[in-house]
Every structure is written in structure tokens, then in C-alpha cells.
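This report looks at ring pairs, charges over rings and ligand surroundings in one structure. The sequence and the model come first.

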Amino acid sequence: MRFVLVASVAATASALPCGAPTILGFFTPKCDANGLLLAPFAGGVQEAVDRSVAYYAAAPYDLPLSHNFQPFVWATFMSGFDYLPTSLDIIAGMQDGMGLLSYVKLYKRAKAGRGGNATAALSAAVQLGDYLTIWALTPAHGVWANVSRSTGLNIEWPLKTASQGDAAFGINCIEVDRVAMTAFALLRLYEAVPTPRYLAHAVHSARVLAATQVDGNATDAPWPFRVDAVSGAFLNGHKNGEMAFALRLFRALAAPPYSMPEFAQPAARLWAWVRDVQLPTARPDVTPAECLFVNFFEDRTTTLDNNRNSWTAMELARLLVEEKAALDPDWQAHVESIFAYVLALFGHASNVGNATIVGEQDDDNKPWGGANSKLAGVASLYGCASGKAAFSTLGRLNAFHMAHFTDPTDGGRSANAYDVDVAPTRGGWTQDAWLDVLHNLVDHLEAEDGVC
Ligand SMILES: *[C@@H]1O[C@H](CO)[C@@H](O)[C@H](O)[C@H]1NC(C)=O
Ligand SMILES: *[C@@H]1O[C@H](CO)[C@@H](O)[C@H](O)[C@H]1NC(C)=O
Ligand SMILES: *[C@@H]1O[C@H](CO)[C@@H](O)[C@H](O)[C@H]1NC(C)=O
Ligand SMILES: *[C@@H]1O[C@H](CO)[C@@H](O)[C@H](O)[C@H]1NC(C)=O
């Protein structure tokens, strides 16, 4: 159990002041004798996870109109002090999809006895899955009927009106990749809790995706970024950078235990575009116009097809590490090309304990928690899977950095993983504070335990 070793080193190694910045997240950071950041809790990253899981588990079920769902399920902006929503937005596709993957991963780790609270993880996962399948669907007719909405107004049950950047394109604007992301997350939930509705949603979403897929080329991805759910019309963004979840979904349904041959050809067709057209743009000198890791963020309506990001590339790298040669004989070279692209364009020195942190996109290159923590998850997994210790170190220092954004008083989190030398704001975007962070910290912990 390598994690135990790391934790005991962290607890017993001489913990020294790190140097110049004296505030990192909620802590005065401590470093080892080589100047490398240490975890802020004696129990390491697992303790940060456990404390924040407990914080979110303590959120109320009985806020007005909340239909017995805790607010992290339906509110994108939550006050860091009383769990109350601070706006009407919910980015249901990404927040609940990534949150669901997060809690299902934690549930599996806890059930395997490696760490974490299985009861709390399952409760959150089921709420996220139920919200997605009951309250956050597109209209029941049309090209993209009965799939996940990307955004909405959280006072509407069910959601009926797009919000954030989607609002500029009409009430039924959806982001296509969220359809795949939530479907794949629901498939994973179904494997933990066999409620037929979860599987039905995943299979239906995959069929809609397969029916709308095109080959793709250097200017158009296999699906656009935004479409109208009812008419199917193109709305915005010819390039859609987030192909990892559609690929995961098709491959998972084509393979046992589902063994649905209808998804084998869509998977092969999508992989051909990713391998031959998208992956070659993962390089440090890619121009904004050439890059195919663009679009993705809900709040953006402009600079879309040339706004490079780290998020979509890192999620593709994670898929390559998960599947290895079963998907791609060149998986290691491809993963390293993604790291080269991401670190050159979005990597920053944290200036504390030699950690590397990762910004989000060209027009907002800040290390928000969701984008930043992907380095903890993906570099740790790749270090584990390849045996290349430099990647494990990169992932571990980033995970230790992220653990500083769990408040030791009650486990509350900050979305602003860039706050150095300033007391962090609690709360903020819920996916950056927690729901898109947890799965990365779990992947990191699993990798430290040699599970990769
Ligand atoms: C696990 O989570 C449940 C639900 O939030 C809570 O009741 C329980 O006390 C937690 N267990 C531990 C050991 O923290
Ligand atoms: C969407 O779901 C509703 C309710 O289950 C159903 O009546 C309708 O036929 C579905 N639409 C499509 C296109 O599958
Ligand atoms: C790229 O694909 C789009 C959408 O399928 C198509 O309209 C366009 O003509 C293609 N471009 C080239 C150069 O083939
Ligand atoms: C600090 O990080 C850089 C770049 O990741 C690396 O080259 C260097 O060896 C690290 N320093 C220590 C003391 O590990």
C-alpha cells in the first residue's frame, strides 16, 4: 500500500516551512527537506476527502422546493457557509455527471476497503443519478429527446430553460458532450445500484449520439458543441473537444456485460477521428485555430472554436490510461503528448513546494479546482500505469496542493485552487469546489495504492 507509506512519510518527515508564500488554501503549507509540498492532514489526501465528503453529506435535504435533494445536486453556486444557493443556475450535465462519477469511484474504493465512506458516497451518487434522470431531461419529443440538459434554472422542477452561456442560444440549447458524460456516469451508477432507469437513460442517450454522429474532420468534430434539443439544429461551436465520454459510453455498451454490437461501429468511427485528427493537435505549438481541444465551458459564448483548454485533453488522457492497449497501442506516446500540450499551455508553478498547477482555458487560464485537480488524477494514474515516477510526483504534489483547499474546521471547500497568500473564499462553483475534484483525488489515491 504505497499510500500508507506516503502518509507515514508525510506524518513523520520533518515538516518545514515551505518558504515565501505562507498561506496555501486554508493552511500554512509545510514542505519536506527537499522543498516538496507535504499533505496538510496527517491522514494525507484520504483525510481531506473524508472531511469534505462529510461536509457535503451534512447539507440540508429540506431547503424550499428542493424535493429532498441536497443543494450540491441542483445548485451550481452555493454559499460556503450555509449551503444556500447564491444564484439560479445549475450546470446539470457537467456538475452532476462528474459528481456522479466522483461518488461512484469513491463508493468502489470504499467497498474495496481502501478508504472512504461508502454510505455517504452512495447517498450522494443516487441523488445525482435521480436528479439527472427525473428532473434534468430535454423535452420528450425531438431529435435529442429525453437526454440530459446541460444547464438550467434550479427553481424549475423539472428543468425547462437553458442557463449560463447556453441561454444565448434558446431554451432548449444543450451541449452534446454532456449527453455522453451523464449517460456514462449513469451506466457506472447502474453497476453499483441496478435501477433500470439508469441503464435505460444510458442506452437511449448512446442511440441518440450514434444517430447524430458524423465522421468529423479538421474543422468539424463528429458532433457540434451546442445544438437545439428539439430541432437538432446546429447552434454553436463546430469543434467539440470533449470526445472522451462518448467514446467511453460506446465502448462500455459494446463490451460485456452489455455486449450491444450496435455501438461497436460508432466507437470505432469516433476513435478514428480522435486518433487521426484530434490527437495530433495535442502539442505545445498548436495554434488556436488548429487545436481540436476547444469549447467545453458552459459560461462561454464567444472565442469558442479557438479557445484551447486543458479539461478536454486531460479527460482523453485519463481514458487512454484506463484502457491502455485495449484501445490504443500507442497509448503512452499519446498520453505524453497530451501532458506536453497541457503543461506547456496551461501549467503553472504554484510557487509553493514545487507543485504544478493547471489552468483551464486560453481565455481563463486560472487553475480552478476541476481543471487543476485533473493533474492529480491523471498524472498519478499514468505514473502508476507506466511506472514513470516523475508523473507520480507531478500528480502527488498537485493532490497535496488540492488537499489544502479542504477547510480543516469542517471540511468545506474552495473552488479557487489558485489562492496563494490569501485566505481562500469558501464555496463558489460547486464542480470546481468539489464535484469535479473528488474523482481526481480518488484516482490519485487509487494510483498510490497501485490500482491503475
Ligand atoms: C458515513 O456517512 C454517513 C452518512 O453521511 C454518516 O452517517 C456516517 O457517520 C459516516 N461514517 C463515518 C465513519 O464517518
Ligand atoms: C421520452 O420519454 C417519455 C416519457 O417516458 C415518453 O413518453 C416518450 O415517448 C419519450 N420520447 C422518446 C422520443 O423516446
Ligand atoms: C468537414 O465536415 C463538415 C461537417 O460534416 C463539412 O460540412 C465540411 O465540408 C467538411 N470539411 C472538409 C474540408 O471536408
Ligand atoms: C521541482 O519540479 C521541477 C519540475 O517539475 C523538477 O525538475 C525538479 O526536480 C523539482 N525539484 C525537486 C527538488 O524535486
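Tyr56 has 3% relative accessibility, so Tyr56 counts as buried (buried means under 20% relative accessible area, exposed over 50%, and partly exposed in between, with a 1.4 Å probe and protein chains only). Trp434 is also buried, at a relative accessible area of 0%. The model is predicted: local features need pLDDT of at least 70, side-chain atom pairs count only at pLDDT 80 or more, and totals for chains, interfaces and linings use all residues. Residues are numbered from 1 along each chain as its sequence is written, chains are lettered from A and ligands numbered from 1 in the order in which they are written, and side-chain values use heavy atoms, with hydrogens and water left out.

There are 24 aromatic pairs in the structure. Rings of Phe, Tyr and Trp (its six-membered ring) pair if their centres lie within 6.5 Å; planes under 30 degrees apart count as stacked, over 60 as edge-to-face and the rest as tilted. The ring centres of Tyr56 and Trp434 are 5.8 Å apart and the planes are at 0°, so this pair is stacked. Because Tyr56 lies in helix α2 (residues 44–57) and Trp434 in helix α14 (residues 430–435), the pair ties together parts that are 378 residues apart in sequence. Helices (H or I, at least four residues) and strands (E, at least two) are DSSP runs, numbered from the N terminus.

## A second pair and a cluster

Phe250 and Phe263 have ring centres 6.0 Å apart and planes at 15°, so they too are stacked. Phe250 belongs to helix α8 (residues 244–254), while Phe263 is in the loop between α8 and α9 (264–278), 13 residues apart. Both are buried.

Which residues do ring pairs link into a cluster? They are Tyr55, Tyr56, Phe72, Tyr83, Tyr103 and Trp434.

## Charges over rings

A charge sits over a ring if NZ of Lys or CZ of Arg is within 6 Å of the ring centre and within 35 degrees of the ring normal. The charged end of Arg248 sits over the ring of Phe184, 5.8 Å from its centre. Lys374 lies over the face of Trp311, 3.9 Å from the ring centre.

## Two ligands

Around ligand 1 are Ala57, Asn117 and Ala120 (a residue is near a molecule or strand if one of its heavy atoms lies within 4 Å of it). On its own, ligand 1 has 360 Å² of accessible area, and the protein covers 29% of this (Shrake-Rupley method, 1.4 Å probe; for residues, only the protein chains shown count as cover).

Asn34, Leu36 and Asn354 surround ligand 4. Taken alone, ligand 4 exposes 360 Å², of which the protein buries 33%.
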